[in-house]
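Morning, everyone. Please have the structure open on your screens. I'll be brief.

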Amino acid sequence: MTLDCDVAVVGAGPAGSRTARNLARAGLRVRLLEEHRRVGVPSHCSGLISLRTLREAEIGEDAIIHRITGAFIHTENGGEAALGGGATRAVAIDRVRWDETLSEQAQAAGADLVRARLTRAQHENAHVRLHTQTDGRDASFTARVVVGADGAHSRVARSLGMAGPSERVYCLGIEGKLTTPREDFVHVFVGSELAPGWFGWIIPTGDGGVRAGIGSQNGAKPIACYRRMTEMFPRLFDGIESCRLYGGTIPLDFAPKSYDNNVLLVGDAAGQVKPFSGGGIYTGLVAGRIASAAILRAFERHDVTAAALAPYERTWKREIGRELLRSLRIRRFGLALSDGEVERVVAALQSEGLRQLAARHGDIDYPSRVLLRLARSLPALSLLAWVTLRRPGAAWNLARAHLPFAV
């Protein structure tokens, strides 16, 4: 039977477009499905990435709109610490332009961009049939392999009986205008009443623009949390002009399995998201690179069964999974602390020794590297001992974060 394409990639975000580009470059027939009329629209991302992500993306700096050198951390009881400054630590990007550029790369390599919404996928003999809808018109086509790059609520995964990540955070984002104390510093807001299970943020984007927002768990509505945050910090939020509001879901743990017969999951669909910050662009690009290599090897062997595609999961977990696991354990350590204990941690970050350590080793893609260094540093040891006595369970999560394997 002649199939309509070799690989169907569902979702033209960074992970999907990168996977499609690499496969098309290698000569496979690739269809890249995107349900929206314009790639990247609407954006559901704060668009803060590292310089490492720029290199991984291979698209230059055209999408950069602002550079960030540090961060202010605020607690709901008035604590504050400033970290970083000096060198560029991260950049804010035009996320629509970024996604469009990656999609254009895939198309230039030979991938066909299909404007359609996936309604369901099903296994059919030794391939997959994908059912789509465009402007109310139903259609279907066949592919030997399907790549689910369609987000935290992946329809690919659900249609093919694959479980998704179980832990999620629900977020509200605002694009607007606001004067901030320093345009090169982001603001991070923490507290169990302020943002249960997550945090709030302000990211300057240059020329008075900002992306602000907040996330929450435990049933707390993000819009209510956002209103509370603006009331708690009037000095920082007074005068904000909201231009656009958007919502989103961030998965915080791995999907139980990111491969099966004829299918791989990448990006948010696989839970390849940094659980300490919610960022998924870098990890999605890495996963796309690894997924395309795994598919090419499977095609060379004429075998796209789960056993043939299994090396994908082993490889991505080796390259980025250990960091994600460590960050998840550090996150659980932080969630176990009371607000008073969080205040003490933030106060400790104002010491010169810890600030210098954070400045030298800070890395938004691999946050565990600096966080574990901070935990082992002399200025933090007395605080850590105090927390261990009060919260042995929290301390156990921090101890587990030092281990390179699951416990």
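Start with helix α10, residues 339-348. In this predicted model, α10 gives the most to the lining of the largest cavity, with 3 residues. How many cavities of 30 Å³ or more does a search of the whole structure find? The search finds 1. Its volume is about 30 Å³.

Now the lining. D339, V342 and E343 are part of it. So are T75, E76 and N77, along with V190 and G191.

Next, helix α5, residues 222-232. Which residues of α5 are buried? P222, C225, Y226 and M229 are. These four sit on the same side of α5, because they cover an arc of only 100° around the axis. An α-helix has 3.6 residues a turn, so residues three or four places apart point the same way. Turn to the other side of α5, and R227 and E231 are exposed.

What do the buried residues of α5 pack against? Four strands are named here: β12 (168-177), β13 (185-190), β14 (200-206) and β15 (209-216). Helix α6 (234-237) is a partner too.

Last, a sheet. It is open, with 3 strands in the order β3-β7-β4. The pairing is antiparallel. β3 (48-49) and β4 (64-68) are the edge strands, and each pairs on one side only. Look at β4 and β7 (residues 90-93): 4 bridges join them. For R67, the bridge partner in β7 is V91.

That's my tour. Over to you.

Definitions and conventions
Residues numbered from 1 in each chain as written. Predicted model: local features only at pLDDT ≥ 70, side-chain atom pairs only at ≥ 80, totals over all residues. Heavy atoms only, no water. Buried < 20%, exposed > 50% of the residue type's maximum accessible area, 1.4 Å probe, protein only. Helix = DSSP H or I, 4+ residues; strand = E, 2+ residues; numbered from the N terminus. Arc of directions from axis to C-beta. Contact = heavy atoms within 4.5 Å. 1 Å grid on protein atoms, 1.4 Å probe; cavity = no way out; pocket = protein on both sides within 12 Å on 5 of 7 lines; lining within 4 Å. Points joined across faces, edges and corners; volume = space filled by probe spheres on them. Pairing = 2+ DSSP bridges.
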